[in-house]
Amino acid sequence: MDLRRVKEYFSWLYYQYQIISCCAVLEPWEQSMFNTILLTIIAMVVYTAYVFIPIHIRLAWEFFSKICGYHSTTAN
Amino acid sequence: MANPGGGTVCNGKLHNHKKQSNGSQRRNCTKNGIVKEAQQNGKPHFYDKLIVESFEEAPLHVVVFTYMAYGIGTLFGYLRDFLRNWGIEKCNAAVERKEQKDFVPLYQDFENFYTRNLYMRIRDNWNRPICSAPGPLFDVMERVSDDYNWTFRFTGRIIKDVINMGSYNFLGLADKYDESMKTIKDVLEVYGTGVASTRHEMGTLDKHKELEDLVAKFLNVEAAMVFGMGFATNSMNIPALVGKGCLILSDELNHTSLVLGARLSGATIRVFKHNNTQSLEKLLRDAVIYGQPRTCRAWKKILILVEGTYSMEGSIVHLPQILALKKKYKAYLYIDEAHSIGAVGPTGRGVTEFFGLDPHEVDVLMGTFTKSFGASGGYIAGRKDLVDYLRVHSHSAVYATSMSPPIAEQIIRSLKFIMGLDGTTQGLQRVQQLAKNTRYFRQRLQEMGFIIYGNENASVVPLLLYMPGKVAAFARHMLQEKKIGVVVVGFPATPLAEARARFCVSASHTREMLDTVLEALDETGDLLRLKYSRHKKSARPELYDETSFELED
């Protein structure tokens, strides 16, 4: 029962996405092409985020901590 | 004797101490010029009648999504054009012939691109054939398309009893034959159907004279002239009234017939912002001060073109202010009352009655019989010398066939019905029923949270949809699931980002029908998420208030 409600909710969400982004008026092959391209772009964004964001955060943290450490050493 | 009522008995007559407040002297508005004129006329005026209109702006995310959707549609349009150009896909649209490939391209402008790639995809929502009279319920022929709307075929089935929210049937007079239409049958027997001539040759019938006298009586003007087609009334008569060396000030959102007539006349056209009296005043001042462009001579004539009710916006013209401007700068006024005659005003006489003004103050009153009278054709009314001039000089009178006699009889019957000359008050009841239906419909839609444009008394109700995908989904859903026929409008009839659905409320819609429609709109609005309005319950109306409006002479 719950699974059906969830499926209904997702199909409603997909319908909303279709009418907002003009996919509802495209032909089926165009819809598949657009969905594929969009999913590819999202996948690439997610992958890049997964690979690079931890490294960037670590480097940024080191950079700022070095500056604060420099300040504290000069203050002393 | 003690008088308990509070009035004194004097000479046998009872004097009431409470003085009856004289309405026309109590006003203390800032517009001194208008008050003075009204007092001179002695007529009741509605200058500080609240003009309640609203043109709410869409939330930002809606506009962004709309443009994004059009962007995606455009990208796919380029892709399909590329495929069609290189022969990978069959082209169903019009193309130039092989021999014309080196000429100036015919189909490369944006309008053709839009038609080929965006309009074609959702074309099944327009030009739907119907097979019954356009009353409150009608029958729609079912049609399907096998190749994505390039061609259609009829399945043979008919969708019966669809609620009609699209026809301009304001007073419900466009319906099947009933006993009150017997005079039309008689006229058909005597006069036949065709006139086979123009007004100047042998096409002026006594029916036309009877109709013109009745129209002049209805509008309370000196004379009127009727023409066979409403669009042609505008486009063929404006050139007869103005010419080169004249100035036309036309509203931004005027109908194509007015624009065509203005362009055909050869006069200079300047456009003022929609219903915006300050913009109009600025243009008038510049015209009077600077004159014609190169020679700086005075303009021969200045004609202001407005409409009574604008059908795409649902707004009513701000007539009192425009009349004041016209008098101050000595311009002429032409009002196209296509959607407001018969539908607006306490007895259906149009915008002049709605504002309580004298129709003699407007120079040219034009209207059509298509919307409220269930016929076809148009009229121009005004002073007798104006109408006599048009009888001689109008292009429509010289070249176009005059109005068909059964149609003239239908208009005569409708006019008598509305004026009450047939002995009943049904006509007046219908006008009041239309006003009630309009206010109820608009109020309920605003409570539900839709964005509605326009004046609260205009019976044309535009409901904003914005996104092209939702436009198509809305029209299809309403017809197929809910059996309600609606008209949706998109670019180029409206601005690109403001696609809308336009409802025409009719006096023949019963309360149950309106409730059915409202319920269906509620459900569809929730399904498609169309309730964008940000003032839900307390719909504070924006009061039209012009304080920076100079009128002192």
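How many salt bridges does a search of the whole structure find over all chains? The search finds 31, a salt bridge being a side-chain nitrogen of Lys or Arg within 4 Å of a carboxyl oxygen of Asp or Glu.

This is a predicted model, in which local features need pLDDT of at least 70 and side-chain atom pairs count only at pLDDT 80 or more, while totals for chains, interfaces and linings use all residues. Residues are numbered from 1 along each chain as its sequence is written, chains are lettered from A and ligands numbered from 1 in the order in which they are written, and side-chain values use heavy atoms, with hydrogens and water left out.

**Stop 1: a pair within one helix**

Select Arg84(B) and Asp81(B), which form a salt bridge whose closest N and O atoms are 3.6 Å apart. Both belong to helix α3 (residues 60-85) of chain B, and because they are three residues apart there, about one helical turn separates them. Helices (H or I, at least four residues) and strands (E, at least two) are DSSP runs, numbered from the N terminus. An α-helix has 3.6 residues a turn, so residues three or four places apart point the same way. Arg84(B) is buried, at 11% relative accessible area, and Asp81(B) is also buried, at 18%. Buried means under 20% relative accessible area, exposed over 50%, and partly exposed in between (1.4 Å probe, protein chains only).

**Stop 2: two further pairs**

Proceed to Glu99(B) and Arg97(B), whose side chains form a salt bridge of 3.7 Å, N to O. Both of these residues are exposed.

Next, select Lys327(B) and Glu361(B), joined by a salt bridge of 3.2 Å, N to O. Lys327(B) lies in helix α10 (residues 319-329) of chain B and Glu361(B) in the loop between α11 (351-354) and β13 (364-368), so the pair ties together parts that are 34 residues apart in sequence. Lys327(B) is partly exposed, with a relative accessible area of 36%, whereas Glu361(B) is buried at 17%.

**Stop 3**

Display Arg199(B), Glu212(B), Lys384(B), Asp388(B) and Arg391(B) together; a network of salt bridges links them. Then select helix α12 (residues 384-393) of chain B, whose buried residues are Leu386(B), Val387(B) and Leu390(B). They span an arc of only 95° around the axis, which places them on the same side of α12(B); the arc is that of the directions from the helix axis to the C-beta atoms. These buried residues pack against β6 (223-227), α7 (230-241), β13, β14 (378-382) and α13 (395-399) of chain B.

**Stop 4**

Which side chain of opposite charge is nearest to Glu307(B)? Glu307(B), in strand β9 (residues 302-307) of chain B, is buried yet has no salt bridge, and the nearest such side chain is that of Lys371(B), 8.0 Å away. Here Lys and Arg count as positive and Asp and Glu as negative; His and the chain ends are not counted. The Glu307(B) side chain does reach the backbone nitrogen of His255(B) at 2.8 Å. Leaving aside residues up to four places away in sequence, Glu307(B) touches several residues, including Leu253(B), Leu258(B), Val317(B) and Ile335(B), where contact means heavy atoms within 4.5 Å.

**Stop 5: an exposed loop position**

Finish at Ala298(B), in the loop between α9 (277-290) and β9 of chain B. Ala298(B) is exposed, with a relative accessible area of 63%. Ala287(B) is 11 residues from Ala298(B) in sequence and 8.2 Å from it in space, C-alpha to C-alpha.

Technical notes
A polar contact is a pair of N or O atoms within 3.5 Å; within protein, one must be able to donate a hydrogen and the other to accept it, and residues adjacent in sequence count only if both atoms are side-chain atoms.
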